[in-house]
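Here's a quick briefing to read alongside the model. Have the sequence and the 3D view open as you go.

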Amino acid sequence: MENDKIILRNIRPADNAALARVIRKTMEEFKINKPHTVYFEPTTDALFELFQSAAGSDYFIAELNGEVGGGAGIFPTDQLPQGTCELVKMYLSAAARGKGIGKQLIAKCLVRAKELGYKQVYLESSSGLRRAIWLYERFGFQHLKAPIGNSGHTDTDTWMIKNI
């Protein structure tokens, strides 16, 4: 819809349930709801608390016409190299896709990562998310041959990094 109202804002406690639904529904849609993914992590139901408890992290919600349409964040994932954070939990509902929201979220996360002093942003994804990977490439993310850090997500098959 041409008159969609899109707002990017920080996550709030009341966003937890709606955001968990967006994440899980998206993973089901793309058939990536496998063990060792965010789909089964208990923190998926408490993302506000997760990001509040981790220094050097931030999470942004994309509201579409007053509803949670998705979000993305940055997180100091365990065992990443010094000065590197991870772009995490970037999911958009079907209604929120194709409106430039993903581009806005990535841009906001990259700016925030730089503000927090990070020099690189890493991400993990699945090859089935072709549009997302294309978008990451457009932002200058480079493919890696293997994962870095310890996200605990062993069912990902695409790893990328960007200097900021």
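Let's start with Arg24: leaving aside neighbours within four places in sequence, Arg24 is in contact with Tyr39, Glu41, Thr44 and Asp45, where contact means heavy atoms within 4.5 Å. Keep in mind that this is a predicted model, so local features need pLDDT of at least 70 and side-chain atom pairs count only at pLDDT 80 or more, while totals for chains, interfaces and linings use all residues. Residues are numbered from 1 along each chain as its sequence is written, and side-chain values use heavy atoms, with hydrogens and water left out.

- Arg24 sits in helix α1; helices (H or I, at least four residues) and strands (E, at least two) are DSSP runs, numbered from the N terminus.
- Is Arg24 buried or exposed? Arg24 counts as buried, because its relative accessibility is 18%; the cut-offs are under 20% relative accessible area for buried, over 50% for exposed, and partly exposed in between (1.4 Å probe, protein chains only).
- The side chains of Arg24 and Asp45 are joined by a polar contact of 2.7 Å. That term means a pair of N or O atoms within 3.5 Å; within protein, one must be able to donate a hydrogen and the other to accept it, and residues adjacent in sequence count only if both atoms are side-chain atoms.

**Aromatic pairs**

- How many aromatic pairs does the structure hold? There are 4, counting rings of Phe, Tyr and Trp (its six-membered ring) whose centres lie within 6.5 Å, with planes under 30 degrees apart called stacked, over 60 edge-to-face and the rest tilted.
- Tyr39, one of the residues that Arg24 touches, pairs with Phe40: the ring centres are 4.9 Å apart and the planes are at 70°, so this pair is edge-to-face.
- Tyr39 is buried, at 15% relative accessibility, whereas Phe40 is exposed, with a relative accessible area of 51%.
- Phe51 and Phe75 also make an edge-to-face pair, with 5.5 Å from centre to centre and 80° between the planes.
- That pair links distant parts of the chain, with Phe51 in helix α2 and Phe75 in strand β3 (residues 67–75), 24 residues apart.
- Phe51 and Phe75 are both buried, and together with Tyr59 they form one aromatic cluster.

**Two positive phi values**

- Lys89, in strand β4, has a positive phi of about 50° although it isn't a glycine.
- Lys89 is buried, with a relative accessible area of 12%.
- Leaving aside neighbours within four places in sequence, Lys89 is in contact with Val38, Glu41, Leu47, Leu50, Phe51, Tyr59, Gly71 and Ala72.
- His36 has a positive phi too, near 65°, and is a residue other than glycine. You'll find His36 in the loop between α1 and α2.

**Gln120**

- Gln120 is found in strand β5 and is partly exposed, at 22% relative accessible area.
- A polar contact of 3.1 Å joins the side chains of Gln120 and Thr84.
- Not counting residues up to four places away in sequence, Gln120 touches Gly83, Thr84, Cys85, Ile161, Lys162, Asn163 and Ile164.
- Gln120 and Leu110 are 10 residues apart along the chain, and their C-alpha atoms are separated by 9.1 Å.

- The largest pocket holds about 910 Å³ of space. A pocket here is an open set of points on a 1 Å grid over the protein atoms alone, where a 1.4 Å probe fits and protein lies on both sides within 12 Å along at least five of seven lines; lining residues have an atom within 4 Å of a point.
- α2 (47–53) and β4 are the elements that give two or more residues to the lining of the second largest pocket, and β4 gives the most, with 3 residues.

Terms used:
Points joined across faces, edges and corners; volume = space filled by probe spheres on them.
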